[in-house]
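Visitor: I'm new to this one. Could you walk me through it?

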Amino acid sequence: MNTSADIDITICEVGLRDGLQNAKNVMTTAAKKAWISQAVKAGMCAIEVCSFVPPKVIRGMEDAKEVVAHSLSEKNLEVSVLSPNFRGAENAFGSLVDKVILPVSISDSHSRANVRKTRAEMIEDFRQVCDARDQLEGEYRPLIEAGLATAFGCTIEGKISERDVLETAVACIEAGADSVILADTCGYANPKQVQRLFKLTKAEVDDALNGVHLHNTYGLGLANAFAAIEAGATRLDSSFAGLGGCPFAPGASGNIVTEDLVHMLEAQGLRTGIDIGELMHCREIIKQALPNDTLYGFLEEAGLPKGFVI
Ligand SMILES: [Zn+2]
């Protein structure tokens with residue numbers, strides 16, 4: 001059993017949300033549960049398990065409540081969900097999730113395409129969600145995180161101003177966020193940029209900066225992960241088999257590959273708390289459930305290096 005003292009870098013699996021929203025097939029509820037349980041068995045302690053969205057916006061998330069209930073029955077797992085709006089966040093609260101992530105896109109064009117609101121309107125929504133959380137009765141108090149989407153560039157607007165990222169991070173904290181995460185929604189980031197923006201954001205919001213969410217569009221995902229860690233990040237999002245993308249950011253590709261990330265970190269002596277052998281069993285579950293999707297990953301292709309010891 002892992003405790004935070006045994007872990008240097010926390011990896012949050014986002015394949016069940018980011019990955020499945022772009023998959024060709026709809027994954028069955030049973031397969032989602034099996035994936036979650038296998039990931040936990042491997043030592044994973046944070047999973048973004050689904051999103052609370054209307055089925056007409058993103059299919060395959062109708063079982064959100066059941067998936068959350070299953071996830072909450074697992075021990076030592078932080079169960080987070082994505083919600084694009086107030087209604088979704090309220091439903092997530094009703095399911096007793098540990099954390100709700102709201103996307104606050106720095107790019108107005110992406111924000112409109114993704115949630116039909118400008119950045120300023122999303123920050124206002126964010127404030128309302130935080131207020132609703134603060135008015136919950138009893139001891140239940142879910143964490144609320146702002147996912148600062150397109151923080152490193154946007155397929156619609158191109159370059160994104162760092163000043164806008166920093167101002168948005170501060171605005172979300174002022175609105176009641178427990179944390180913010182820098183998201184490279186489109187996979188435009190490069191390692192130097194990741195280091196610079198991570199440090200700048202850290203200087204603004206300190207420990208409320210909860211890590212980075214990276215995509216591998218240009219093959220720079222792991223280099224960007226390394227750069228983030230060098231800059232002080234202790235938490236990274238990734239997706240098993242590199243599933244993912246953003247349906248509202250044309251050209252965006254999958255997330256960084258969880259198992260390759262675990263390998264890179266463990267090879268450097270950074271503890272993830274994850275048993276790679278156990279983790280790789282997730283592949284069989286996903287392969288069977290998504291027969292028409294491409295599964296990525298160097299570790300699967302090459303196997304562990306000879307003599308590799310975790
Ligand atoms: Zn993403």
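**A first look around**

Guide: A nonpolar surface patch of about 290 Å² is formed by Tyr188, Tyr218 and Leu220. Patch members have over 30% relative accessible area and no salt bridge (a Lys or Arg side-chain nitrogen within 4 Å of an Asp or Glu carboxyl oxygen), and nonpolar side chains are joined within 5 Å. Areas use the Shrake-Rupley method with a 1.4 Å probe, with only the protein chains shown as cover. This is a predicted model, where local features need pLDDT of at least 70, side-chain atom pairs count only at pLDDT 80 or more, and totals for chains, interfaces and linings use all residues. Residues are numbered from 1 along each chain, and side-chain values use heavy atoms, without hydrogens and water.

Visitor: Is Tyr218 buried or exposed?

Guide: Tyr218 sits in the loop between strand 7 (209-213) and helix 9 (221-230); helices (H or I, at least four residues) and strands (E, at least two) are DSSP runs, numbered from the N terminus. Buried means under 20% relative accessible area, exposed over 50%, and partly exposed in between. Because its relative accessibility is 56%, Tyr218 is exposed.

Visitor: Which side chain does the side chain of Asn292 join in a polar contact of 3.1 Å?

Guide: Asn292 lies in the loop between helix 12 (282-289) and helix 13 (298-302). Beyond neighbours within four places in sequence, Asn292 is in contact (heavy atoms within 4.5 Å) with Lys24 and Asn25. A polar contact pairs N or O atoms within 3.5 Å, one able to donate a hydrogen and the other to accept it; at 3.1 Å, the partner is Asn25.

Conventions. Patches are made of residues with over 30% relative accessible area and no salt bridge: like charges are joined within 9 Å, nonpolar side chains (Val, Leu, Ile, Met, Phe, Trp, Tyr) within 5 Å. Buried means under 20% relative accessible area, exposed over 50%, partly exposed in between (1.4 Å probe, protein chains only).
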